[in-house]
Amino acid sequence: MKQNIAQIALVVDDYDEAIEFYTQKLRFTLLEDTVLSPTKRWVLVAPPGSTGCRLLLAKAADELQKSRVGNQTGGRVFLFLHTDDFWRDYKQLVQNQIVFVRDPTKEAYGTVAVFEDLYGNLWDLIGPG
């Protein structure tokens, strides 16, 4: 048997602001933006060069979903962005005004720093060295 996780839904306030953040600030690729109804779109983004899991940007549809925007994991790191060159990407994210809430540290598994997305979700940037 072979399985994989294809997408993870990330609840967002607005499709267009989320697309702009992920494609301009994080340099992700917009893979799909399909209108499904007047209020719903199928929006997929992924890091450059990625062949794995993608993010489905899902606009909050009701008050319960809106209450989860930016805090889908109760304040824990939610997503893990692995890179082949930590310092290149760290410097690019800083230049793009990404807010880092934990400075880079060396761990047994590589160098890691924690940043926030536009809604406050926490991400680990992880790379070698």
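**Close-up views of a predicted model**

**View 1. A network of salt bridges links R27, D84, R88 and D89.** The coordinates shown here and in the other views are those of a predicted model. R88, with a relative accessible area of 42%, is partly exposed. A search of the whole structure gives 6 salt bridges.

**View 2. Helix α3 has a buried side and a face turned away from it.** The buried residues in α3 are F86, D89, Y90 and L93. These residues lie on the same side of α3 because the arc they cover around the axis is only 105 degrees. An α-helix has 3.6 residues a turn, so residues three or four places apart point the same way. On the face turned away from the buried side are the exposed residues K91 and Q95. The packing partners of the buried residues of α3 are α1, β6 (100-107), β7 and β8. Q97 follows α3 and has a positive phi, near 65 degrees.

**View 3. The largest nonpolar core has 29 residues.** Y22, L55, L57 and F115 are the residues with the most contacts inside this core. Two or more residues each come from β1 (7-12), α1 (15-25), β3 (41-46), β4 (54-59), β5 (77-82), α3 (86-95), β7 (110-116) and β8 (122-127). The largest share, 5 residues, is that of α1. In soluble globular proteins, nonpolar side chains tend to be buried together.

**View 4. Surroundings of F115.** With neighbours within four places in sequence left aside, the residues in contact with F115 include L26, L81, L93, I98, V99, F100 and V101. The contacts of F115 also include N121, L122, W123, D124 and L125. W123 is also the bridge partner of F115 in β8. F115 is one of the residues with the most contacts inside the largest nonpolar core.

**View 5. An open sheet is formed by 4 strands in the order β5-β8-β7-β6.** The pairing in this sheet is mixed. β5 and β6 are the edge strands; each has a single partner strand, so one side of each is left without a neighbour in the sheet. On average, neighbouring strands of the sheet are turned by 20 degrees against each other, with direction ignored. Between β7 and β8, the pairing is antiparallel and has 6 bridges.

**View 6. Strand β3 pairs with β2 and with β4.** β2 (residues 29-35) and β3 run antiparallel and are joined by 6 bridges. The hairpin from β2 to β3 passes through 5 residues. V35 is placed opposite R41 of β3. The pairing of β3 with β4 is also antiparallel, over 3 bridges. Here L44 has L56 in β4 as its bridge partner. Because 5 of the 6 residues of β3 are buried, this strand is largely enclosed by the rest of the structure.

**View 7. A salt bridge joins the side chains of D33 and R41.** The N to O distance in this pair is 2.7 Å. R41 is buried, because its relative accessible area is 19% and the class covers values under 20%. D33 has 35% relative accessibility and counts as partly exposed. R41 is also the residue of β3 that stands opposite V35.

**View 8. Helix α2 (residues 63-66) contains both E63 and K66.** The side chains of these residues meet in a salt bridge, at 3.8 Å from N to O. E63 and K66 are 3 residues apart, about one turn of the helix. At 60% relative accessibility, E63 is classed as exposed. K66 is classed as partly exposed, at 43% relative accessibility.

Methods
Residues numbered from 1 in each chain as written. Predicted model: local features only at pLDDT ≥ 70, side-chain atom pairs only at ≥ 80, totals over all residues. Heavy atoms only, no water. Core = buried A, V, L, I, M, F, W, Y, C linked by side-chain atoms within 4.5 Å. Buried < 20%, exposed > 50% of the residue type's maximum accessible area, 1.4 Å probe, protein only. Contact = heavy atoms within 4.5 Å. Pairing = 2+ DSSP bridges. Arc of directions from axis to C-beta. Salt bridge = Lys/Arg side-chain N within 4 Å of Asp/Glu carboxyl O. Axes fitted to C-alpha atoms, helices over the stretch in contact; angles between N-to-C directions.
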